[in-house]
Amino acid sequence: AAAGGGFGAKTDKEASAETFVTPPAEAGVFFHRGDVAAALGVRARDVEAIVGRNAVGDVFVCLTDHAALRRCVPDAPLVRFLTKGGRGLVACAAGGAVAGDDGRGPVDFSCRFFGPNVGIDEDPVTGSAFCGLAPYWQARLGRKNGEEMLAHQASARGGVVRVAVVKRRGENPGAADETKVHVRGRAVSVLKGEILSDGFEAEEA
């Protein structure tokens, strides 16, 4: 979760997170669909739109269909060049389907995340990518405020995530409205610990 967001885990091994939304915007995009197609190893006509970049520099693109998303064989040096200053490239497409422990049946949209800039050829499941994708797909699918969408990260391991964009009015008069993305899905605990502040002395500059 990003700064300002919270995280909690439920006993049924389903985790949920809430984070302030940073939707991608056109700022910082200097390339064309042909460049994206070459970086992803697909045809130029498979690239429907360059959605933009988010606050951490990830590039978001939308492909024409789920089959094109599945066909992606990224060129790491090209992805690294196009996403300079960010972590990597998020490719998404409408539709898709799952058949596994996370459920069976169709999903609203699917994605893949390639992050050679941070040493990740392809991330199995990327919660932060769904935080950027949620506002885009909410608008595109015409979903209501707080209405959940079912999404799938189509990596080799894969993962199903439920996302919803929630907009709330500012608590005080004149305060800006607040927009957050809720993300939830199955999780496995791999580390437990406790951070204690007592006993540490501040270092002098």
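The structure is a predicted model, in which local features need pLDDT of at least 70 and side-chain atom pairs count only at pLDDT 80 or more, while totals for chains, interfaces and linings use all residues. Residues are numbered from 1 along each chain as its sequence is written, and side-chain values rest on heavy atoms, with hydrogens and water left out.

**The chain as a whole**

The protein chain has 205 residues, and 39% of them count as buried. Its secondary structure comprises four helices and twelve strands. These are DSSP runs numbered from the N terminus (helices: H or I, at least four residues; strands: E, at least two). The chain has an accessible surface of about 11,700 Å², and carbon and sulfur atoms provide 52% of that area. Such areas come from the Shrake-Rupley method with a 1.4 Å probe; for residues, only the protein chains shown count as cover.

**Salt bridges**

Side chains of opposite charge can pair when their charged atoms come close. Here, nine salt bridges are found, each a side-chain nitrogen of Lys or Arg within 4 Å of a carboxyl oxygen of Asp or Glu.

One of them joins Asp108 and Arg143, at 2.8 Å from N to O. Asp108 sits in the loop between strand 7 (103-106) and strand 8 (109-115), and Arg143 in the loop between helix 4 (127-141) and strand 10 (149-153), so this bridge ties together parts that are 35 residues apart in sequence.

Another pairs Arg184 with Glu148, whose closest N and O atoms are 2.6 Å apart. Because Arg184 belongs to strand 12 (residues 178-186) and Glu148 to the loop between helix 4 and strand 10, the two tie together parts 36 residues apart in sequence.

Our opening residue, Arg168, has a bridge too: its partner is Glu178, with 3.9 Å between the closest N and O atoms. Glu178 lies in strand 12 and Arg168 in strand 11 (residues 159-168), so the parts they tie together are ten residues apart in sequence.

| Residue | Relative accessible area | Class |
|---|---|---|
| Arg143 | 22% | partly exposed |
| Arg184 | 25% | partly exposed |
| Glu148 | 35% | partly exposed |
| Glu178 | 30% | partly exposed |

**Aromatic rings**

Which residues form one aromatic cluster? They are Phe109, Phe130, Tyr136 and Trp137. Rings of Phe, Tyr and Trp (its six-membered ring) pair if their centres lie within 6.5 Å; planes under 30 degrees apart count as stacked, over 60 as edge-to-face and the rest as tilted.

The structure holds three aromatic pairs. Phe109 and Trp137 make a stacked one, with 5.3 Å centre to centre and 5° between the planes. This pair links distant parts of the chain, as Phe109 is in strand 8 and Trp137 in helix 4, 28 residues apart. Buried or exposed? Phe109 is buried, at 0% relative accessible area, and Trp137 counts as buried at 0% relative accessibility. Trp137 also pairs edge-to-face with Tyr136, at 5.3 Å centre to centre and 85° between the planes. Tyr136 is partly exposed, with a relative accessible area of 23%.

How values were computed. Buried means under 20% relative accessible area, exposed over 50%, partly exposed in between (1.4 Å probe, protein chains only).
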